[in-house]
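Student: Please show me the model, and then let us go through it by question and answer.

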There are 2 protein chains.
Amino acid sequence: MEILKPSECRSCCPIANALDILGDRWSLLVIRDMMMFNKHEFGEFIKGPERIATNILTDRLNCLQDCRIIASRRHPTHKNKKIYYLTQKGKDLLPVLVELILWGGTYRAAPDMPKAHFNKIKRDPKKFMQTTLHELKTWEQKNL
Amino acid sequence: MEILKPSECRSCCPIANALDILGDRWSLLVIRDMMMFNKHEFGEFIKGPERIATNILTDRLNCLQDCRIIASRRHPTHKNKKIYYLTQKGKDLLPVLVELILWGGTYRAAPDMPKAHFNKIKRDPKKFMQTTLHELKTWEQKNL
DNA sequence: CTGTATCCTTAGGGATACTG
DNA sequence: CAGTATCCCTAAGGATACAG
């Protein structure tokens, strides 16, 4: 996927601008993995249930870095790998993910969906978001 | 774009399931036009600032109907055209759009973005959603 | 194992012609 | 004008080989 410069955006609509980056089938899943499942390494993303291909993952990680939704640094011990983490811009996508879960969980859920997050969110979205952000913070303090 | 049957979904994650339908650069813009700009006809969608192509519009209108996010009926006077409108499933995407606007308006806005909706939403998202849904209701009572 | 590159097929989608 | 179909090119992305 190609990153659009602001001048190349399709319109000045904030939804269109958001979709210019996030409007594909993979980007938000990577962000989901970082936000909800505490994943930070290449191999962790690969193991997701959607079976993202390695080249696609590389591409999305780079795109998301280019537009400052995530950032990375070298792994402290394994120096040839990286740790990816969300920037503030990335963390601010949490409400979007939450609403997508509520909608997708209501209307598009496979019958065998493990409704873990969904039920928690449905009960108290605000609290869920607080907890999630708190966990991210904890991870950051330990790892960044 | 092809509609996936539930059995073909990439995973049982509600986000992935939602993206299986909405994860492209156009679908949510059509929904935005219906939700926020009170558009209901082919020609109205075409006139949007993003210049969607006629074949893409046809395709998305059909996809969105197939998965019951929108519905259509014959135009009362011009019998060779249709009126498109949101189902409940479609209207329930309003919170997603709102969060996308907040995020896109904060981080991706072109400098000349007319911040009409953005400012209103930022001030009071709940109220904005109420108003929007009320306007849709009003339109429905008059036109459906 | 992390990450990139290459090959190759298909899907997305722009331009435009066309039908009712 | 509403909506569809065709042409055609580019981008998305799966499989897999490869490099560090």
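This is a predicted model: local features need pLDDT of at least 70, side-chain atom pairs count only at pLDDT 80 or more; totals for chains, interfaces and linings use all residues.

Tutor: Residues are numbered from 1 along each chain as its sequence is written, chains are lettered from A and ligands numbered from 1 in the order in which they are written, and side-chain values use heavy atoms, with hydrogens and water left out.

Student: What relation superposes chain A on chain B?

Tutor: Two copies of a chain are related by a rotation about an axis and a shift along it. Here the rotation is 180° and the shift is 0.0 Å, with an RMSD of 0.0 Å, fitted by least squares on the C-alpha atoms of residues with pLDDT of at least 70 in both copies. That is the relation of a two-fold axis.

Student: Which residue of chain A comes closest to the rotation axis?

Tutor: The distance is taken at the C-alpha, and it is 2.4 Å. The residue is Asp24(A).

Student: How many residues of chain A are in contact with chain B?

Tutor: Contact means heavy atoms within 4.5 Å. Of the contact residues of chain A, 100% recur in chain B, so the same surface serves both copies. On the chain B side there are 45 residues, and chain A contributes 45.

Student: What area is buried between chain A and chain B?

Tutor: Buried area is the accessible area (1.4 Å probe) that two parts lose on being put together, summed over both. Carbon and sulfur atoms give 70% of it here. Arg10(A), Trp103(A) and Arg108(A) supply 19% of what chain A buries against chain B, more than any other three residues. The area between the two chains is about 4300 Å².

Student: Which residue of chain A forms a salt bridge with Asp20(B)?

Tutor: A salt bridge is a side-chain nitrogen of Lys or Arg within 4 Å of a carboxyl oxygen of Asp or Glu. Two are counted between chain A and chain B. In the one with Asp20(B), the closest N and O atoms are 3.6 Å apart, and the partner is Arg25(A).

Student: Which helix gives the most to the side of chain A that touches chain B?

Tutor: Helices are DSSP runs of H or I with at least four residues, strands are E runs of at least two, and both are numbered from the N terminus. H1 (14-22), H2 (27-36), H5 (88-91) and H6 (94-107) of chain A each supply at least two residues of that side. The one giving the most, with 10 residues, is H6(A).

Student: How many residues of H2(A) are buried?

Tutor: Buried means under 20% relative accessible area, exposed over 50%, and partly exposed in between (1.4 Å probe, protein chains only). Among the buried residues are Leu28(A), Ile31(A) and Met35(A). H2(A) is largely enclosed by the rest of the structure, because the buried count is 10 of 10.

Student: Which residue forms a salt bridge with Arg32(A) at 2.9 Å?

Tutor: Arg32(A) is in helix H2, and its partner is in the loop between H3 and H4 (54-66), 18 residues apart. A network of salt bridges links Arg32(A), Asp33(A), Lys39(A) and Glu50(A). The partner at 2.9 Å is Glu50(A).

Student: Is Lys39(A) buried or exposed?

Tutor: Lys39(A) sits in the loop between H2 and H3 (42-46) of chain A. Residues that it touches include Asp33(A), Glu44(A) and Tyr84(A), leaving out those up to four places away in sequence. At 14% relative accessibility, Lys39(A) is buried.

Student: Which residue meets Arg60(B) in a salt bridge?

Tutor: Arg60(B) lies in H4 of chain B and its partner in the loop between H1 and H2, so the pair ties together parts 36 residues apart in sequence. Both are buried. The N to O distance is 2.4 Å, and the partner is Asp24(B).

Student: What is the phi of Arg68(B)?

Tutor: Arg68(B) lies in the loop between H4 and strand S1 (70-74) of chain B. At 62% relative accessibility, it counts as exposed. Although Arg68(B) is not a glycine, its phi is positive, at about 65°.
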